[in-house]
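Here is a short report on one protein chain. Keep the sequence and the 3D view open as you read.

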Amino acid sequence: MPGVGALRAVRGRTWLIACVVTLSVLVSGVTWLAVSRSEDREERFAANQRQLARACAGLLPEELGEFVPDDEPGVRDEFGTMLRPRHESRALLDCTLSWGGGDDAWEPDARARVRAEAVLTRTYPFPLDGSFELPLPDSALGAVWVDERLEGSTVTASLLADCPKGLSGRVRPSRDLLVTVDLPSAADEYDVPKAERLLASRTAVRVADWVTRRQGCGGEPLASASGTTPAKAPKLCDWLSPAALRFAPGDWTFDRNASAYSRRSGACGGQLDDSAEPAGRFAIRAAGAESWSGVLAGGAYDSHRGANQVPGPEARTGAGKPVTVARSGDDPLLALWARSECDAGATYHRVTVTPELGFGEGTAKDSVVLEPMERRRLSERARALLDRYLAAPAGWPKRAHCRDTKIMGEVPEWRG
């Protein structure tokens, strides 16, 4: 009969074996769980990558793969008559794909959107600053800008293209196609690299070409366009000569000039350098000219009308009397409007002159009085600017074959 010590030894070995077996089971379980979760992440990531490739008719760029997560699915919303023909929509294509953020988040971690619509009457103009990173034909117009988000930013490209045979899908055909693309960026608003702006531009062109090809509307492929490059654009604004127009003498900066010709819109503008000698009283120290044609004309007019900056009967009130101009946060200026018929349709022209009123730093003036003679001189400067703009052989109005021009009136844009 075994002794007590032997029994204890057997029990110890049994307990040790049980612990080892239990530990092995636990380790195996943890390992299996980790492998399973890893496989789940790989499968989720692969599914999200497939979703990115197929969503929005395959128009989203593959470069967005860096935003695709491996721990939750993407959320896709697709609308538009070209994606869902049996559903009513104002858009031809409207598709959003987003990732992360959860149900309670203010915004998703990343979001991409493409939208294409037929413009029936009007749309708001966008900047003519050369921000669109691809050349375009003169029938198109594009711009790129950046908006900040809680994390990173959104790069937006807008493109207005021509469809001569008309776009279907709305209550009536339209030949104006508006494309808007929003792409996520991990960079801050002011640090977005040129490559991401180029990606947004390329995506907008890709969407426009996809729509025009599917619609058979006759628009030329923008991807193969060889539009005017910015290097050839300065002649558009060579007419804006401060010396010829008898504006303030000194060095001027022209940073509001359109970088390329488009028959849809044009802009020129400049101002006296801050380093120049102070301008004399009522000398013109800034001037500009803008034109909006076709569907942009109505949008531009509505935008200015919303700020009470379009000609009206009240603009003539008090003619021949002294005018008090109060100091404000904006430079006081005088705008002169005209309308024409140009290549892209009905067109509005707006020129502005900004006089030196003595509200600079170091002055305590809260207001300045414009005497009738000074007010008339300001009107003469604005009219001379408009006449020179309309008559310039290489300027926008001549290149757009504008005709039947009529003066609409002045708008004093100052507080008084």
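Lysine 194 is exposed in this predicted model. Its relative accessible area is 58%, and the cut-off for exposed is over 50%. Lysine 194 forms a salt bridge with glutamate 133, with the closest N and O atoms 2.6 Å apart. Glutamate 133 sits in the loop between strand S3 (110–119) and strand S4 (141–148), while lysine 194 belongs to helix H2, so the pair ties together parts 61 residues apart in sequence. Glutamate 133 is partly exposed, at 22% relative accessibility.

Side chains of opposite charge can pair when their charged atoms come close. The count here comes to 17 salt bridges.

| Acidic residue | Basic residue | Closest N and O atoms |
| Glutamate 133 | Lysine 194 | 2.6 Å |
| Aspartate 176 | Arginine 264 | 2.9 Å |
| Glutamate 356 | Arginine 285 | 3.2 Å |

Take aspartate 176 and arginine 264, which form a salt bridge. The pair links distant parts of the chain, 88 residues apart. Aspartate 176 is in strand S6, and arginine 264 is in the loop between S7 and S8. Both aspartate 176 and arginine 264 are buried.

Next come arginine 285 and glutamate 356, also joined by a salt bridge. Arginine 285 lies in strand S9 and glutamate 356 in the loop between strand S12 (345–355) and strand S13 (367–370), so this pair ties together parts 71 residues apart in sequence. Arginine 285 is partly exposed, with a relative accessible area of 23%. Glutamate 356 counts as buried because its relative accessible area is 17%, and the cut-off for buried is under 20%.

Salt bridges also form a network. It links Asp94, Arg113, Arg115 and Glu117.

Charge also gathers on the surface. Asp71, Asp109, Asp147, Glu148, Glu151, Asp188 and Asp191 form a negative surface patch. One of these, aspartate 191, lies in the loop between strand S6 (174–185) and helix H2 (194–215). Aspartate 191 is exposed, with a relative accessible area of 52%.

Now turn to tryptophan 239. Is it buried or exposed? Tryptophan 239 is buried, at 5% relative accessibility. It is found in the loop between H2 and strand S7 (252–253). Beyond its neighbours within four places in sequence, tryptophan 239 is in contact with Cys268, Ala289, Leu385, Arg388, Tyr389, Ala392 and Gly395.

Two residues deserve a look at the backbone. Most residues other than glycine have a negative phi. Phenylalanine 282 has a positive phi, near 70 degrees. Phenylalanine 282 lies in the loop between strand S8 (265–272) and strand S9 (284–293), and is buried at 16% relative accessible area. Aspartate 404 also has a positive phi, of about 50 degrees, although it is not a glycine. Aspartate 404 is found in strand S14 (residues 403–413) and is exposed, at 57% relative accessibility.

Finally, the whole chain. It has five helices and 14 strands. Buried residues make up 44% of its 416 residues. Among contacts between residues at least 6 apart in sequence, 68% join residues at least 24 apart. The chain exposes about 22,800 Å², and carbon and sulfur atoms supply 51% of that area.

Definitions and conventions
Residues are numbered from 1 along each chain as its sequence is written. This is a predicted model: local features need pLDDT of at least 70, side-chain atom pairs count only at pLDDT 80 or more; totals for chains, interfaces and linings use all residues. Side-chain values use heavy atoms; hydrogens and water are left out. Patches are made of residues with over 30% relative accessible area and no salt bridge: like charges are joined within 9 Å, nonpolar side chains (Val, Leu, Ile, Met, Phe, Trp, Tyr) within 5 Å. Accessible areas come from the Shrake-Rupley method with a 1.4 Å probe; for residues, only the protein chains shown count as cover. A salt bridge is a side-chain nitrogen of Lys or Arg within 4 Å of a carboxyl oxygen of Asp or Glu. Lys and Arg count as positive and Asp and Glu as negative; His and the chain ends are not counted. The place of a charge is taken as NZ of Lys, CZ of Arg, CG of Asp or CD of Glu. Helices (H or I, at least four residues) and strands (E, at least two) are DSSP runs, numbered from the N terminus. Buried means under 20% relative accessible area, exposed over 50%, partly exposed in between (1.4 Å probe, protein chains only). Contact means heavy atoms within 4.5 Å.
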